[in-house]
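A pair of aromatic rings is described by the distance of the centres and the angle of the planes.

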Amino acid sequence: MILPHLIVPGKTIGIIGGGQLGRMMTLAAKQLGYRVGVLDPEADCPTAQVADWQIVAKYDDQEALMDLAMKCDVLTYEFENVDADMIDNIEKTVSVPQGSELLSITQDRLLEKAYLEMNNINLAPYATIISLQDIEEAVASIGFPCVLKSIRGSSEGKGQYVLYSEDNIAECEELLRFGTCVLEAWIPFERELSVMIIRNEAGEVATFPVTENIYRRNILHQSIVPARIQDEVAEEAVRIAATIAESLNLVGSLGVELFLTSSGALYVNELVPRPNNAGLYSIEACSISQFEAHIRTICGWPLPEIELHSKAVITNILGEHLEGAKLQIQLKPDWHFHYYGKKGTVKGQKMGHITVLTDDIEKTLATINDTGVWG
């Protein structure tokens, strides 16, 4: 086994991106004794509120990124829209264990699908789309319904359009203005699942329990762990994630999002090359959180086996839920409340989350629903 270079406590970790995931990464890093700097265009962003210092600059500001690199012993990122070429350039100055290759693959849906196909991973049928005529030709084999997706810069339903019939084709013109797209067959899934997997430079791998995700208006609403699936399905989901992590020579965290059909088939939908909102439960429910695990991997620590101490339900707090969720603080002493320190109240924006540890998932889901906060 190759021993990785250990970055010891007291050194400085730089984080590109200042949202809630960076905030929770920072809290984990501080617990382990590291100093943390963040680069983000918003002053006093959620991560900066708990970090040691901040560089206020855009993510594509090469001079600012180099400044961050010079001040840190290791760099990581909390979202995947960082320029991969800039990361490749920065690696000459400072260690970026996640590297740029994973970013390059996951930033391009077509490249990601080609990579997964090369590794015999099950995917929905798809076609490359440049024009409306391409859609007309592709639906002959893909069929309706289907989904047109931008190949870059989209998440949680943004940059996507569902087609139900030929009448919808003309409406895709606006999305095509942004560039090449991919048309995917609609998978009639029974559940949406995700697996968080971590791997360090020594090749040690650890996985978190398979999570079941529930979306509303294409935004993650709830995560349930363990997923309400059969053991053999969970084992196959973990096997798929491990195959992808090994083939990518992963260092850091990877979220593998999957569709489960009623027949038990699994289709990989997307790769997320960082800690994941679907893994927030791990802070309270696991022997180690995904954020601490991520910090350990990029700093060269050995990985422990991950244990689930309790079943859990995560519910996201969006802008429209904020006031109602705050009222629950006095009513639900057993709930774990997390607020991200974001300014203002924006509908559809993640402002926090609640974790409920439970012995009875169905009863907990009913209790959350009965609050009326989430409709």
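F79 is buried, at 18% relative accessible area; buried means under 20%, exposed over 50%, and partly exposed in between, with a 1.4 Å probe and protein chains only. The model is predicted, so local features need pLDDT of at least 70 and side-chain atom pairs pLDDT 80 or more, while totals for chains, interfaces and linings use all residues. Residues are numbered from 1 along each chain as its sequence is written, and side-chain values use heavy atoms, without hydrogens and water.

Across the whole structure, a search finds five aromatic pairs. Rings of Phe, Tyr and Trp (its six-membered ring) pair if their centres lie within 6.5 Å; planes under 30 degrees apart are stacked, over 60 edge-to-face, and the rest tilted. F79 forms a tilted pair with Y59, at 4.6 Å centre to centre and 55° between the planes. Because Y59 lies in the loop between strand 3 (53-56) and helix 2 (62-71), and F79 in the loop between strand 4 (74-77) and helix 3 (84-90), the pair ties together parts 20 residues apart in sequence. Helices (H or I, at least four residues) and strands (E, at least two) are DSSP runs, numbered from the N terminus. Y59 is partly exposed, at 24% relative accessibility.

W335 and F337 form another tilted pair, with 6.2 Å between centres and 35° between planes. W335 is buried at 10%, whereas F337 is partly exposed at 23%. Ring pairs also join W186, F189 and F259 into a cluster.

Charges come next. A charge sits over a ring if NZ of Lys or CZ of Arg is within 6 Å of the ring centre and within 35 degrees of the ring normal. K71 lies over the face of W53, 5.5 Å from the ring centre, and the charged end of K113 sits over the ring of Y126, at 5.4 Å from its centre.
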